[in-house]
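This report describes selected local features of a protein and its ligands. The sequence and the structure are shown below.

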Amino acid sequence: MLHGNKTGSGIYLGKRGVKIRDILSEEIRWSGKTATLKDAVRANRNALKRLEKKGRKEVENFLDNLQADDRGKPLLLSFSGGKDSLAAMMLLYGYLPFEAVYIDTGIEFPETVKYVQKLCREMHVKLHIANAGDSFFDAIKNFGPPAKDYRWCCKVCKLAPVTELIEDKWKNGVISIEGRRQSESFSRSGIEFAQINPFLRKQIQLNPIREWGGLEVWLYILWKDAPYNSLYDNDMERVGCWLCPSSLQSEFKKLEEMHPELHKRWTSILEDWFERKQIESGLWRWREPPPKMHAAIGEKGTSEPKNPIELIKEEGIYFLRDLGRKKSEREMLASLNMLGHADYNDEHYELDMNGEKWIIKPPLDSEENWRIYPRHKDGEEEDDTDGKLILKQIVRGERCANCGVCAASCPTGAIRLDGIPSVNTESCIRCRQCFDSCVIHHYFNRMVLLREPDG
Ligand code: SF4
Ligand code: SF4
């Protein structure tokens, strides 16, 4: 914005005015000419060439200096159908041979699925599709709708099928070119050129366009005359999952116009979990909405779903309310056994963990709660760490999404997937690596709401 001869970014302060943060103190002079996109590409061509050269060289140098163990791993491009992975594709296209991997989450825009297939066909790039099938709609029964701060779906519908594909086709691992950029989000601001996927250690990820800005991505695509996803011309910023909670309200409106049947399906699922007001205001898109969101709807709303799992701690006993009990004793024992020696006797589990004995009582009917408590030695200091781990393993046992990501992270192969994960207690060494990869451990605080004891 311009203010006198100053140029800067402005923050609207309501009736108090606009606060301007200075960036430039010089007056901006407009040439008066209208520039086209072609002009913008032409003016930035040398800068784009430098970016391209740097990205290509980084990939090439990395491949030239691979450790013996990594040689022979295929070079894949993670193609989402979005602009960033398209730019990464164009960076390598005609320069190095690669194959593409597309994750069909089962909730992709139909336009995107068609676009990815058509583009790869026309460019003669071999395409592998990791298909999540109906896993989103199966898992939502356990997790509830995802939110911006509760994106369990990324693990269940993206990480899980790609893990399965890699395990199936490239047992020794892969090198993946990604279109991720540092300026996309705070969590991506620290990405480096080469990284091992922490949840899928067989995947080396290379990020050759990590330092590019969004404008550079677009100019590069235009320079290369690469066909991009038509959804961008339809006011969509996100072209992957049509129900993504990170989408703007305006994008949901657009979805309603373009695909009324998908919009209707999603609204009817949301109605099982939220009040109409929470749906219409968009509050469902956060588990903990930021203050600006409350300000925008003009009153204190809640984004809590109906009937969440609740955790209450009273007089040293943890109560898990509304978790239910579906899994067999054998399955729950396998879950608890990763923490210590576990037994089931007389309608309760006993767990020896770090020299402490814990009693875990599952509900005997739908009115009862899970009860978990340690047999304390007198006067001993209370520490929540072990209790929290036990709670997470109980919820993991009961609400497992069968995504299989834990199986891929287990160093001893103790977890087998036969429809549902089963743990071999003989080969489990209690390393707990599967805890870090499990979506339930990761999002426990979003799945289970902490409550004060009743009155
Ligand atoms: S990852 Fe570790 S704790 Fe988990 S099942 Fe495998 S050996 Fe056991
Ligand atoms: S226990 Fe394994 S299969 Fe189940 S949700 Fe966690 S990571 Fe997925």
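Two strands are taken to pair if DSSP finds at least two bridges between them. Helices (H or I, at least four residues) and strands (E, at least two) are DSSP runs, numbered from the N terminus. This is a predicted model, in which local features need pLDDT of at least 70 and side-chain atom pairs count only at pLDDT 80 or more, while totals for chains, interfaces and linings use all residues. Residues are numbered from 1 along each chain as its sequence is written, and chains are lettered from A and ligands numbered from 1 in the order in which they are written.

**Strand pairing**

Strand β4 (residues 75–78) pairs with β7 in the parallel sense over three bridges, and Leu77 stands opposite Ile177 in β7. Strand β5 (residues 99–104) also pairs with β4 in the parallel sense, over three bridges; there the bridge partner of Leu77 is Ala100.

**Helix α2**

Helix α2 (residues 45–64) has 20 residues and reaches 28 Å from its first C-alpha to its last, close to the expected 28 Å, where the expected span is 1.5 Å times one less than the number of residues. Leu51, Gly55 and Val59 of α2 are buried (20 or more other C-beta atoms within 10 Å of the residue's own; exposed means 12 or fewer, partly exposed in between, with C-beta atoms placed from the backbone). These residues cover an arc of only 60° around the axis, so they lie on the same side of α2; the arc is that of the directions from the helix axis to the C-beta atoms. On the other side of α2, exposed residues include Arg45, Lys49 and Asp64. The buried residues of α2 pack against α3 (83–92), β7 (174–177), β9 (203–206) and α7 (214–224), contact being C-beta atoms, placed from the backbone, within 7 Å.

**Ligand shells**

How values were computed
Two residues are in contact if their C-beta atoms, placed from the backbone, lie within 7 Å.
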